[in-house]
Amino acid sequence: NTAQLQSQINDAATPLVAFNVAATTIQTLDYPAHLQFNHVYYNEGSGFDVSTGDFVAPVSGTYVLHFKTRSIDASHYADTYMRVNGAEVCRAYVHDYYDSGLCHAVAHMNQGQKANIQAYGSNNKYFVYATSFTGFLLTHDPVKQ
């Protein structure tokens with residue numbers, strides 16, 4: 001039947017979920033503070049919540065996540081980690097003049113689970129325009145009939 005076929009086609013299509021955000025202010029954070037990303041370049045699927053700094057999975061599936069952080073100088077290190085559903089999945093540590101750290105993760109997220117970037121230690125300072133958080137849905141879970 002046509003309705004059943006259309007339902008199967010809709011279930012097979014991967015929805016577009018992708019975000020790219022940046023911090024455009026210097027932040028001094030103590031553990032366990034969230035990094036805040038006040039500039040949204042792209043937020044297809046509306047998964048990134050600027051008010052909390054969290055990416056909230058709009059659909060269940062496998063996500064590719066990435067962040068980059070940068071220290072402002074040698075006396076203000078940046079020790080940060082990415083959390084998915086409360087668990088650390090990767091860490092970036094920088095401690096030199098304009099040093100950059102990268103962190104990549106592939107993780108399964110259920111609808112409503114959160115991913116965010118946290119400060120790990122004290123005396124963390126983040127450089128203007130140099131911290132970004134990006135992610136996209138690689139594949140969604142099949143819809144159970």
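How many salt bridges does a search of the whole structure find? The search finds two, a salt bridge being a side-chain nitrogen of Lys or Arg within 4 Å of a carboxyl oxygen of Asp or Glu. This is a predicted model, in which local features need pLDDT of at least 70 and side-chain atom pairs count only at pLDDT 80 or more, while totals for chains, interfaces and linings use all residues. Residues are numbered from 1 along each chain as its sequence is written, and side-chain values use heavy atoms, with hydrogens and water left out.

Select Lys114 and Asp54 to begin, whose side chains meet in a salt bridge at 4.0 Å, N to O. Lys114 lies in strand E10 (residues 114-119) and Asp54 in strand E5 (residues 54-56), so the pair ties together parts that are 60 residues apart in sequence; strands are DSSP runs of at least two residues, numbered from the N terminus. Asp54 is buried at 5% relative accessibility, whereas Lys114 is partly exposed at 42% (buried means under 20% relative accessible area, exposed over 50%, partly exposed in between, with a 1.4 Å probe and protein chains only).

Glu88 is partly exposed at 44%, and Arg91 is partly exposed at 36%.

Finally, select Met82, one of the residues with the most contacts inside the largest nonpolar core, which has 24 residues; such a core is a set of buried Ala, Val, Leu, Ile, Met, Phe, Trp, Tyr and Cys residues joined through side-chain atoms within 4.5 Å.

Methods:
Helices (H or I, at least four residues) and strands (E, at least two) are DSSP runs, numbered from the N terminus.
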